[in-house]
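Hi,

Here is the structure I promised to pass on.

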Number of protein chains: 2
Amino acid sequence: MKTLKISEAVVRRLPVYLRHLIELKQREVLTVSSQDLGQKLDLNPAQIRKDLAYFGDFGRKGIGYDVSYLIQQIRHILKLDQIINVGLVGAGKLGHALCNYTVYLKDNMKIVAVFDAMESKIGTDINNLKVQPMSEMITTVRNQHIRIGIITVPAAEAQYVAEQFVEAGVEAILNFAPVILKVPSHVRVHTADFTTDLFSLAYYLTDQGKEVPVQ
Amino acid sequence: MKTLKISEAVVRRLPVYLRHLIELKQREVLTVSSQDLGQKLDLNPAQIRKDLAYFGDFGRKGIGYDVSYLIQQIRHILKLDQIINVGLVGAGKLGHALCNYTVYLKDNMKIVAVFDAMESKIGTDINNLKVQPMSEMITTVRNQHIRIGIITVPAAEAQYVAEQFVEAGVEAILNFAPVILKVPSHVRVHTADFTTDLFSLAYYLTDQGKEVPVQ
DNA sequence: TAGATTGTTAATCGATTAACAATC
DNA sequence: TAGATTGTTAATCGATTAACAATC
C-alpha cells in the first residue's frame, strides 16, 4: 500500500468498478477476478489490480476479489460512505433531468437544493424541491452543508455561478456548461460537457463528402 | 504535416479549441496565439501548437493563428463542414434536454429522429419531432441517413439499443447510460456518463468523517 | 531591425502493460 | 498438489512539456 498521490485516471475508474461490482452483487456473485472485471469493463486486468492495490490489498491470491468487501472498500475510498449534499444551479431541462436521477441516493449523494436566476423558474417544484433564487444560494449552501455544486446554466452564466459556489464554500463542482471555469485550486472542477463528446465523435466518421453546405 | 494516427486526447481537445475560437470571432478578435489560447483553456501552449500542427501549418510565425481560418480548418477536421444527422433513443428528461440543445445546429449536427420503447412516449412531440417506436428505428436510421446515435435509456436497455443502432448502420454512438457497451470495432463509442464524474468528484472532498451512515 | 510566435525536435513525465514470484 | 490469481516490479508505450531555430 502506497501513499503516493493517485492519478485522476485511477480515480475516474473507481466509480466504474463500483458500478459493476454492485451489479454483480445483485446477481449474487460472491467473487470476481481482475480478469473477469477487465473483460466486462474493457480494461487490462493488470491495470485493475494496480488501481486497487494503490488503496490496499483487497484481493486474495488464487481466488480474486470478494464482491461485497470490494464494494465497501471502494465506497469508502470515494467517500461515498458519508452523506454528500449536492446543490444544482440551472433549473432547465438538463437540471431537471439530473434532479430526477435516483442513482445518487443509493450512494449517499443527494441534490438537496435547486437554484435559478430566472424569475419564472423560482418557486417552481422540481422533484419535491422548490427552486430558489440565486440570492439565497450562499446561505442555503452553508445551512444545508452542500459540498458539491452542479452547474447546468448557459455558458455565459457558468463562470458567475461557479464563483458564487466557491464563495459559498463548495469543495467541488460538476460543470455541464461548455466553458472552462476558473476557480481557486482548492476547488475541484469536472467538466461534463457532452458537446465536446459529440463533436469529437464526428472526427471518427467516414469521410463521405456528401451534402457539404455552402458555408 | 504528419499522417500518423491522431490520439484521442488530441481529437477531444479540438472541439474545445473550436468553441473558444467561435467566441473570439464573435468578439471580432482576428488573431490569437497559442499563449492566449492556453491561458483561456488551461492548456500548455506547446500542446496546442502541437495538436494543430498534426493537421497542417495553420499559424504564422510571429503573429499567431487567424481566428476565422482556424475555425474553418477545425470544422473541416472534425467533419463539421458536412451535415451530420443524429438519432436519439430514450425520450426521457435527459433525452428531451439534449433534443432542445441548439448548439448542434450551428455545427451542422441535428437530431432528426427520436425513439422510445415505452408505449406512452410514442407519438409524443419533442422539439417538433414525433417520438417513434423502436420497431421503426432501423428503417428511419437508414432512410434519414443518421450517422450518430445517442443513447439516453436506462442502463439495462442500453446494450440492446446499441445493437439496434449498429445493425441500422450508425457509425458512432454517444452513450449516456452507465454501462460499458460492446460494439464492433468499426463503431466508435463515447461514454458521457455523469455519475462517473460525480462519484469521482467525491474522492477529492476533504474527509470530514461526519454523518457516517450505518450501512 | 527587434519582438513575437510558430512548428518541431528532444527531454521529461506519467500511465499502461507484461511478467512473475508469492500464495490461496 | 496443481491451477488460479493476486500484488508488484520492470518494460513499454504514449502523451506532455521545454527548448529553440526559423521567420513573420
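This is a predicted model: local features need pLDDT of at least 70, side-chain atom pairs count only at pLDDT 80 or more; totals for chains, interfaces and linings use all residues.

The unreviewed UniProt entry puts a "binding site" at Gly90(A), Ala91(A), Gly92(A), Lys93(A), Leu94(A) and Gly95(A). Of these, Leu94(A) is included in the lining of the largest pocket.

I looked at two of the glycines. Gly90(A) sits in the loop that links strand S4 (84–89) to helix H5 (93–99) of chain A. With a relative accessible area of 3%, Gly90(A) counts as buried because that is under 20%. Beyond its neighbours within four places in sequence, Gly90(A) touches Gly95(A), Phe115(A), Asp116(A), Thr152(A) and Val153(A). Gly92(A) is also in the loop between S4 and H5 of chain A, but is partly exposed at 24%. Setting aside neighbours within four places again, Gly92(A) has contacts with Asp116(A) and Lys121(A).

Now the DNA. Ser34(B) places a polar side-chain atom 2.6 Å from a phosphate oxygen of DNA strand C, and for Tyr65(B) the distance to a phosphate oxygen is 2.6 Å. Arg49(B) instead has a polar side-chain atom 2.8 Å from a base oxygen.

H3(A) contributes the most to the surface near DNA strand C, with 4 residues. By class, that surface has 10 charged, 9 polar and 4 nonpolar residues.

Cheers

Methods: Residues are numbered from 1 along each chain as its sequence is written. Chains are lettered from A and ligands numbered from 1 in the order in which they are written. Side-chain values use heavy atoms; hydrogens and water are left out. UniProt positions are given in the numbering used here, feature names are shortened, and annotations may be inferred rather than shown by experiment. On a 1 Å grid over the protein atoms alone, a cavity is a set of points where a 1.4 Å probe fits but cannot get out, and a pocket is an open set with protein on both sides within 12 Å along at least five of seven lines; lining residues have an atom within 4 Å of a point. Buried means under 20% relative accessible area, exposed over 50%, partly exposed in between (1.4 Å probe, protein chains only). Contact means heavy atoms within 4.5 Å. A polar contact is a pair of N or O atoms within 3.5 Å; within protein, one must be able to donate a hydrogen and the other to accept it, and residues adjacent in sequence count only if both atoms are side-chain atoms. Ala, Val, Leu, Ile, Met, Phe, Trp, Tyr, Cys and Pro count as nonpolar, Asp, Glu, Lys and Arg as charged, and the others, Gly among them, as polar.
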